[in-house]
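Please look through this structure with me. My notes follow the display.

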Amino acid sequence: MYTPLELRHLRTLIALREAGNVSRAAQLLNLTQSALSHQLKGLEEHYGIELFERKSNPLSFGAAGQRLLKLAEQVLPQIDEADRDMRRLVEGSAGQLRIAVECHTCFDWLMPAMDAFRERWPEVELDIVSGFQADPVGLLHQDRAELAIVSDVDADEASVAVHPLFSFEIVALLPKGHALLAKPWLEAEDFAGQAYIHYPVPDEMLDLVRSVLKPAGITPPRRTSELTVAMLQLVASGRGFAALPLWAVESYLSRGYVARQRIGQAGLTGRLYAVTPARLAGKPFLADFVRIMRETSLVNLSGVSLL
């Protein structure tokens, strides 16, 4: 008997369950939303039954969808394991992956990705280069790291491969009840005269300075802290404002510790990239780690879009 059921359908159903909606699932699979919907519609028309409730949030799977999800859970791990084994046979599996980061908030999403990677590639030595790195890409050239996570990429950087990860909204953090919360969004002038509380990093690594304050000639007083919670404590006590990724402060916002405000009418967007030595870009375990970082971030972080 003919069946249209393919591995891609099973991967799509898993992506829908993990992402929670069609839009984010399409990003996970690198498909357009319409292509994903068309794929599922064909399957539903063949069987004559809906696989999930489209208006629910998050998606709710019916009996038919649950049955195919069960099949996906049984089949896909075996397929993926066999695929990794084949690549190990061809290119070998041993190696090390030392990660250098320039952002203080990276560890919030990086740790789950590292945990997932260790399960898939236990033979690869995985480590983080200790301490904050002002020039993580430089460590690649010194053979002190195999992967750098950065917020900006030098187009003239030689002998490296750039892997886009994700974009995210950066929001202003203000004390509850602050007058600026009444505005629809904040402009550069709104930050004048208020203390800017930020991590102790160079200005070129601060999106608010680089994209908003410096072009407008606004130079607010500064105060720095190594810890996110310490920065937010200062904000909560009325000592100034901060500008951080929405996903990094969501738990504090949900508890009403501080308040957030959009920066600019369209919002202020930050981006993260993984950079590797060009000679290692084709290594199966490295390519898999980049994929895991993208997928776990999209699933676990709010307001994230894949690049």
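1. Start with a caution. This is a predicted model. Read every value below as computed from that prediction.

2. Take helix α1, residues 7-19. It has 13 residues. From its first C-alpha to its last, α1 reaches 18 Å. That is close to the 18 Å expected at 1.5 Å a residue.

3. Which residues of α1 are buried? They are His9, Leu10, Thr12, Leu13, Ile14, Ala15, Leu16 and Ala19. Just after α1 comes Gly20, with a positive phi of about 90 degrees.

4. Next, look at where α2 begins. Asn21 caps the N-terminal end of this helix. A side-chain oxygen of Asn21 lies 3.2 Å from the backbone nitrogen of Ser23.

5. Helix α2 spans residues 22-29. Its buried residues are Val22, Arg24, Ala25, Ala26 and Leu28. What do they pack against? The partners are helices α1, α3 (33-47) and α10 (284-300), plus strands β1 (52-53) and β12 (304-306). Just after α2, Asn30 takes a positive phi of about 60 degrees.

6. Now find Ser34 in helix α3. Is Ser34 buried or exposed? Its relative accessibility is 56%. Exposed means over 50%, so Ser34 counts as exposed at 56%.

7. Finally, compare Ser34 with Val22. The two are 12 residues apart in sequence. In space they are 9.3 Å apart, C-alpha to C-alpha. Val22 is one of the buried residues of α2, whereas Ser34 is exposed. Please check this pair in the viewer.

Conventions:
Residues are numbered from 1 along each chain as its sequence is written. This is a predicted model: local features need pLDDT of at least 70, side-chain atom pairs count only at pLDDT 80 or more; totals for chains, interfaces and linings use all residues. Side-chain values use heavy atoms; hydrogens and water are left out. Buried means under 20% relative accessible area, exposed over 50%, partly exposed in between (1.4 Å probe, protein chains only). Helices (H or I, at least four residues) and strands (E, at least two) are DSSP runs, numbered from the N terminus. Contact means heavy atoms within 4.5 Å. A polar contact is a pair of N or O atoms within 3.5 Å; within protein, one must be able to donate a hydrogen and the other to accept it, and residues adjacent in sequence count only if both atoms are side-chain atoms. The expected span of a helix is 1.5 Å times one less than its number of residues.
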